[in-house]
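User: I have a model open and want to go through a few local features. Can you take my questions one at a time?

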Amino acid sequence: MGKVCPQALESSTTCTFTCKQETFTLWMKSLVLNGKGCTVFDSNGQIAYRVDNYNCKHRAQVHLMDQNGDILFTMLKKQYKLSRFWEGYRFPATRNDHKGPCFRVSKTYKISRGGSIYEVELGLDKNQPYIHKIESSTCNSACKISNEVGVVVAELRRKKSHSGVDLGDDVFTMVVEQNIDISLVMGLVVAYNLINCKM
């Protein structure tokens with residue numbers, strides 16, 4: 001099991017790209033008693049990622065960690081005028097971080113077939129911004145993440161048993177396509193759920 005206390009990564013190589021399509025199980029529960037967060041298991045049932053929010057009343061800063069408790073992304077809640085959004089930083093960050101966020105996720109308030117659309121700005125830390133989109137189909141946490149040309153790169157949907165029974169409203173299957181940074185996708189999924197107050 002991973003460490004309880006998050007640790008900063010010493011290496012800058014935190015990208016983990018998929019070699020093939022990969023499937024994960026996302027459980028919208030923290031492994032810490034009375035904590036808020038989520039736990040992600042790989043196809044072998046091992047912990048791959050986790051979010052443990054120890055301060056449930058103040059969720060303006062959240063850490064996405066790997067199985068060892070090393071921080072991959074620090075996500076900060078921001079507000080500009082009436083707009084609220086979450087920014088993700090590759091390393092533990094503070095509000096005065098000058099490197100800038102790796103991504104920003106915000107709700108667009110456009111309705112799409114009964115769901116919602118969220119704009120994802122990527123590459124902000126490299127001054128090469130490009131846009132992805134998160135589209136939710138229902139009021140639960142299920143969603144699809146599409147790249148700038150509309151190709152779905154990851155999908156989150158309710159997990160079902162082999163007989164087709166839903167395993168609960170807090171258990172999801174996450175499918176990530178080939179050549180995609182899994183930790184980045186996880187950061188986007190966490191920010192999406194934070195916007196919707198799911199953790």
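User: What follows helix 1, and what is its phi like?

Analyst: Cys197 follows helix 1, and its phi is positive, near 55°. Keep in mind that this is a predicted model.

User: How far apart are the end C-alpha atoms of helix 1?

Analyst: They are 20 Å apart. Helix 1 covers residues 182-195, and its 14 residues should span 20 Å at 1.5 Å a residue, so the two values agree.

User: And why call helix 1 largely enclosed by the rest of the structure?

Analyst: Because 13 of its 14 residues are buried, that is, under 20% relative accessible area.

User: Switching to strands. What does strand 11 pair with?

Analyst: Strand 11 (residues 143-146) pairs with strand 10 (residues 130-136) in the antiparallel sense, over four bridges. Strand 11 also runs antiparallel to strand 12 (residues 152-158), again with four bridges.

User: Which residues face each other there?

Analyst: Ile134 has Ile145 of strand 11 as its bridge partner. On the other side of the pairing list, Lys144 stands opposite Glu155 in strand 12.

User: How many residues sit between the strands in the hairpin of strand 11 and strand 12?

Analyst: Five, and in that hairpin Gly150 takes a positive phi near 90°.

User: What separation do the C-alpha atoms of Gly45 and Thr25 have?

Analyst: It is 8.2 Å, with the two residues 20 apart along the chain.

Technical notes: Residues numbered from 1 in each chain as written. Predicted model: local features only at pLDDT ≥ 70, side-chain atom pairs only at ≥ 80, totals over all residues. Heavy atoms only, no water. Helix = DSSP H or I, 4+ residues; strand = E, 2+ residues; numbered from the N terminus. Expected span 1.5 Å × (residues − 1). Buried < 20%, exposed > 50% of the residue type's maximum accessible area, 1.4 Å probe, protein only. Pairing = 2+ DSSP bridges.
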